[in-house]
Amino acid sequence: MNKIYILVPLLGLLAFGGIYWNFTKDYEAKQVAVRQAKEQEKKDKQKRDIQAREKAIKDAVEAQEKRKIEREAKERAEEAKKKARLDAEDRRQRAFDDRKRTRDALERLKKDVESVKADIAKLEDEKKKNLDEQAFLKTYVKQAEANVKYYYDLLDKLAAAEAAKAAADAAAAAAKKG
């Protein structure tokens with residue numbers, strides 16, 4: 001029995017030594033392989049990170065360029081809208097000014113037309129008065145000419161009557177004398 005106490009632990013120690021030796025022999029190689037795998041994985045991860053950063057930077061630059069182009073397009077569109085709005089406002093103001101100027105000119109022309117109509121009415125009244133006066137003067141001239149003729153005839157009759165009276169007086173004076 002005493003031998004069993006020595007033999008079993010000795011066999012256990014030999015079995016442990018064999019397993020340990022087998023484990024340690026491959027362990028260093030496994031540890032080196034694990035370390036190399038971890039280092040390779042780190043390097044790969046760093047490469048992926050660098051590539052991802054480069055891609056992210058590239059994407060950010062592209063996105064920034066795209067935003068810049070979009071912003072410029074938006075600014076151009078807003079500038080075009082602003083210019084169109086200002087042009088429309090200018091056209092509206094010009095149309096308003098033209099309408100006001102035209103309205104003022106129309107009112108002036110209406111006043112001028114009324115003034116001209118009043119002048120025409122005055123001239124027509126004056127023309128009518130002148131025509132009436134002309135007709136009156138024609139009839140007056142005819143009347144005056146008739147009166148002149150009548151007075152000449154009357155004067156001729158008076159002269160004839162005076163000549164006849166003088167002849168009758170001379171004949172009566174001759175008859176008295178003779």
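Biologist: Is Lys 55 buried or exposed?

Modeller: Please note at the outset that this model is predicted. To answer, one compares the relative accessible area of a residue with a cut-off; exposed means over 50%. Lys 55 has a relative accessible area of 53%, and it is therefore exposed.

Biologist: With which residue does Lys 55 form a salt bridge?

Modeller: The general idea is to look for a side-chain nitrogen of Lys or Arg within 4 Å of a carboxyl oxygen of Asp or Glu. Here the partner of Lys 55 is Asp 59, and the closest N and O atoms are 3.7 Å apart. Asp 59 has a relative accessibility of 34%, so it counts as partly exposed.

Biologist: Why are Asp 59 and Lys 55 separated by about one helical turn?

Modeller: The reason lies in their spacing: Asp 59 and Lys 55 are four residues apart in helix H1.

Biologist: How many salt bridges does the structure hold?

Modeller: There are three salt bridges in the structure. One of them joins the side chains of Arg 92 and Glu 89, with 2.6 Å from N to O. Both Arg 92 and Glu 89 belong to helix H1, where they are three residues apart, about one turn of the helix. Arg 92 is partly exposed, with a relative accessible area of 47%, and Glu 89 also counts as partly exposed, at 39% relative accessibility.

Biologist: Which residue forms a salt bridge with Arg 101?

Modeller: Arg 101 is bridged to Asp 98, and their closest N and O atoms lie 2.9 Å apart. These two residues of helix H1 are separated by about one helical turn, because they are three residues apart. As for accessibility, Arg 101 counts as exposed at 51%, whereas Asp 98 is partly exposed with a relative accessible area of 38%.

Biologist: Let us turn to aromatic rings. How is a pair of aromatic rings described?

Modeller: One states the distance of the centres and the angle of the planes. A search of the whole structure finds three aromatic pairs. Among them is the pair of Phe 136 and Tyr 140, which is stacked, with 5.9 Å centre to centre and 25° between the planes. Planes under 30 degrees apart count as stacked, so the angle of 25° places this pair in that class. Phe 136 and Tyr 140 are both in helix H1, four residues apart, about one turn of the helix.

Biologist: Which residues gather in a patch of negative charge on the surface?

Modeller: That patch consists of Glu 65, Glu 72, Glu 75, Glu 78 and Glu 79. To examine one member, Glu 72 is placed in helix H1, which covers residues 2-177. Glu 72 counts as partly exposed, because its relative accessibility is 33%.

Biologist: Finally, how many residues apart in sequence are Val 116 and Gln 143?

Modeller: They are 27 residues apart in sequence, and their C-alpha atoms are 39 Å apart in space. Val 116 is found in helix H1 and counts as partly exposed, at 44% relative accessibility.

Terms used
Residues are numbered from 1 along each chain as its sequence is written. This is a predicted model: local features need pLDDT of at least 70, side-chain atom pairs count only at pLDDT 80 or more; totals for chains, interfaces and linings use all residues. Side-chain values use heavy atoms; hydrogens and water are left out. Patches are made of residues with over 30% relative accessible area and no salt bridge: like charges are joined within 9 Å, nonpolar side chains (Val, Leu, Ile, Met, Phe, Trp, Tyr) within 5 Å. Accessible areas come from the Shrake-Rupley method with a 1.4 Å probe; for residues, only the protein chains shown count as cover. Lys and Arg count as positive and Asp and Glu as negative; His and the chain ends are not counted. The place of a charge is taken as NZ of Lys, CZ of Arg, CG of Asp or CD of Glu. Buried means under 20% relative accessible area, exposed over 50%, partly exposed in between (1.4 Å probe, protein chains only). Rings of Phe, Tyr and Trp (its six-membered ring) pair if their centres lie within 6.5 Å; planes under 30 degrees apart count as stacked, over 60 as edge-to-face and the rest as tilted.
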